[in-house]
Amino acid sequence: MEPSELNIFEDHTTYTTEECFDLLKRIHQGNRSMGGLKLISIGYGIVGFIKFKEPYYMLMITERKKIGSMLGAKVYSVSKSMMVIIPNPVVRSKLAYCSTEKRYQKLLNSVDLTKDFFFSYSYNVMRSLQDNLNRNKTDQSVYKSMFVWNEYLTRGIRKQLKNNIWTVALVYGFFKQIKLSVSGRDFDLTLIARRSRHYAGTRFLRRGVNENGKVANDVETEQVVSEDRAEGRTVQISSIVQNRGSIPVFWSQETSLLKIFNPVVIIPKQEDYKATKLHFKNLGDRYGNPIIVLDLTKTREKKPRETLLHAEYVNALGCINAERLEENRLKFLQWDLKQHSRCKAIVVLSKLKELTKLAVELNDTFHCQVTRSSPLEGSTRPYLEDVNISENANNGRCNVKIKRFQKGVLRTNCFDCLDRTNIAQYAYGLAALGYQLQTFGYLESPDIDLDDPLARHLMDIYEIMGDKLALQYGGSPAHNKLFSERRGQWKPTIEYVDIIKTFQRFVNNVYMDEEKQNGIDLFLGNPPPQKRMLVLDPVKHSKWRSTMKRSLSDSNIFVENDILAAKQLLRQESMGHNKCLVELMPEIPNYCRYTSPEFPEVVSASESMDSGNEEIDQERTTSRFLMADWYSESVYSCEEELYNKILSFSSENGEDNCFSMFDFGRWITRGGTFYL
């Protein structure tokens with residue numbers, strides 16, 4: 001009877017089945033005038049409650065499917081869900097039926113709970129195996145995890161009831177469990193990917209890092225190997241965790257109907273890479289040391305895009321390491337996977353496996369022995385309750401003998417952290433699998449040949465995971481050329497499938513990502529985006545480009561409070577020019593905006609705006625390289641060594657191949673981004 005408030009009451013009495021039906025019958029008879037009780041659905045868990053304009057809705061799981069188990073506790077996916085409006089029709093106002101309310105309902109339903117969401121009643125799937133056995137937490141703190149996506153939706157009921165027994169914690173990502181065998185011994189292989197809810201979203205609308213140190217496309221991947229033995233017997237279990245995430249600097253990229261490969265915008269260093277430092281501090285708090293960074297971005301390009309991002313990333317890591325003790329410094333590995341991909345797939349994977357093997361040896365794996373019976377079906381008690389954890393097995397409800405801990409983590413990234421990253425994660429998983437099976441005594445050597453059936457099965461499961469994660473973030477399955485080549489597929493077929501995936505990703509990014517992002521933000525309880533504006537020249541940009549959207553890290557945006565300042569800056573810097581404010585973020589194909597110590601943000605002289613100053617215009621048309629005086633006066637105050645790198649980089653490519661990006665003109669600053 002409350003139209004706009006959430007009032008929840010929990011009856012602590014325990015009823016028998018007969019008493020329960022009798023109580024419901026009496027409630028039904030007492031409320032016949034209002035329609036009585038009606039069975040809506042059988043539920044398997046409450047996802048949460050949400051309010052748009054006026055009424056509250058309850059989201060619930062109506063069908064589930066078992067997809068695996070962890071330590072005997074069942075893990076389920078969501079097969080079907082339902083959104084139920086709570087207030088009775090007689091108390092609802094017109095707001096409950098307005099177009100805005102229906103719009104919000106549609107947005108929330110765009111987050112499909114039946115795709116890649118999973119949960120467990122008695123095992124904390126949002127935590128790694130090592131964390132579950134090492135931290136043994138069973139309270140509401142599970143909802144504070146960065147991998148629980150319905151934290152916002154359950155906030156109301158958890159606050160009122162002071163518990164979380166009525167809700168299920170949903171994790172978004174990937175869960176797959178298969179049975180394999182080696183040397184006549186069976187074991188279970190489980191691959192889990194947990195996507196962070198912080199700074200979550202789509203490819204072009206979430207890039208880089210935000211001011212809180214949270215990165216886009218942040219995914220934790222855990223590979224668990226466990227012996228297949230009967231209940232009550234001691235089981236060996238091993239796990240290893242790795243991480244992927246967008247390059248943690250402030251950068252963005254535009255979407256365009258005309259171009260698939262768009263220029264990268266890198267924002268100048270802010271507060272000495274404070275956000276990047278926060279990100280790696282968080283990684284250290286979660287996983288410990290050492291943190292190994294594997295960068296797969298390109299190191300050479302005809303039109304610098306990834307190379308600019310790579311240079312900024314290296315500078316950020318250098319800045320971080322300069323402030324750390326030697327034992328806590330980040331370990332950086334650079335491997336241009338795109339360049340090496342020209343070789344045969346088996347050669348590339350072999351080299352990548354050897355490279356990641358070093359990381360496995362540094363991080364080690366988690367290994368333990370567990371003795372425990374399976375929990376009762378339907379039990380909602382935490383599975384790890386009453387666990388005895390020690391160096392030696394004890395008598396108790398569950399005995400866990402920890403043999404080894406994982407220390408630190410491997411963090412892998414490429415440009416989008418989708419295609420190349422997934423290949424590297426497979427190589428890391430294969431190297432780790434050898435050590436895990438050797439620990440169990442199944443293998444004498446940790447080396448698993450790429451032609452071994454184990455390697456093929458592992459490649460299949462990592463490929464499925466890569467496709468799922470790429471669909472979530474990029475809008476299309478992952479590009480798996482190397483995997484397809486390993487299977488012996490016909491090269492023209494591989495290229496054709498690759499083109500289809502590229503087109504699918506392009507269409508989704510341009511036409512559907514904005515709506516998808518709004519749905520994700522609504523589900524996570526993120527505030528609606530502010531009106532964002534950018535100073536542009538309408539003469540240089542066609543009328544329909546103002547509709548194109550672009551992602552930006554939080555600091556490279558003109559928000560409402562900055563509009564007046566931008567207008568004032570515009571009057572001062574562009575007197576006599578016909579310029580205006582247009583909606584952020586339009587496509588700007590005529591400008592290549594780059595900001596990095598090695599390759600400052602520039603625009604080709606042939607494409608730059610007329611300055612009205614003949615001397616400046618003459619400099620633009622005749623100067624191929626930036627003058628050292630101008631360079632030293634810029635924000636970067638770049639050292640002579642970096643300036644020489646620009647000169648040598650161009651000379652290596654010959655005079656004919658010198659890029660137009662080295663035609664420098666004057667520069668002005670607008671909102672922290674440099675336009676030249």
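**An aspartate and a strand**

Tutor: Keeping in mind that this is a predicted model, we can begin with Asp188, which lies in strand β6, spanning residues 185-195.

Student: Is Asp188 buried or exposed?

Tutor: Asp188 counts as buried, because its relative accessibility is 12%, and the cut-off for that class is under 20%.

Student: And what does Asp188 touch?

Tutor: Leaving aside residues up to four places away in sequence, Asp188 touches Ile178, Lys179, Val224, Val225, Ser226 and Asp228. With Lys179 there is also a polar contact between the side chains, at 2.8 Å.

Student: How far is the C-alpha atom of Asp188 from that of Gly68?

Tutor: The two C-alpha atoms are separated by 10.0 Å, although the residues are 120 apart along the chain.

Student: Which strands does β8 pair with, then?

Tutor: With strand β7 (residues 219-227) β8 pairs in the antiparallel sense over eight bridges, and there Glu222 stands opposite Val241. Strand β13 (residues 366-371) also runs antiparallel to β8, joined by five bridges, with Phe366 as the bridge partner of Ser239.

Student: And how does β16 pair with β8?

Tutor: Strand β16 (residues 409-413) pairs with β8 in the parallel sense over three bridges, and Arg411 in β16 is the bridge partner of Asn243.

Conventions: Residues numbered from 1 in each chain as written. Predicted model: local features only at pLDDT ≥ 70, side-chain atom pairs only at ≥ 80, totals over all residues. Heavy atoms only, no water. Helix = DSSP H or I, 4+ residues; strand = E, 2+ residues; numbered from the N terminus. Buried < 20%, exposed > 50% of the residue type's maximum accessible area, 1.4 Å probe, protein only. Contact = heavy atoms within 4.5 Å. Polar contact = N/O pair within 3.5 Å; in protein donor to acceptor, adjacent residues only side chain to side chain. Pairing = 2+ DSSP bridges.
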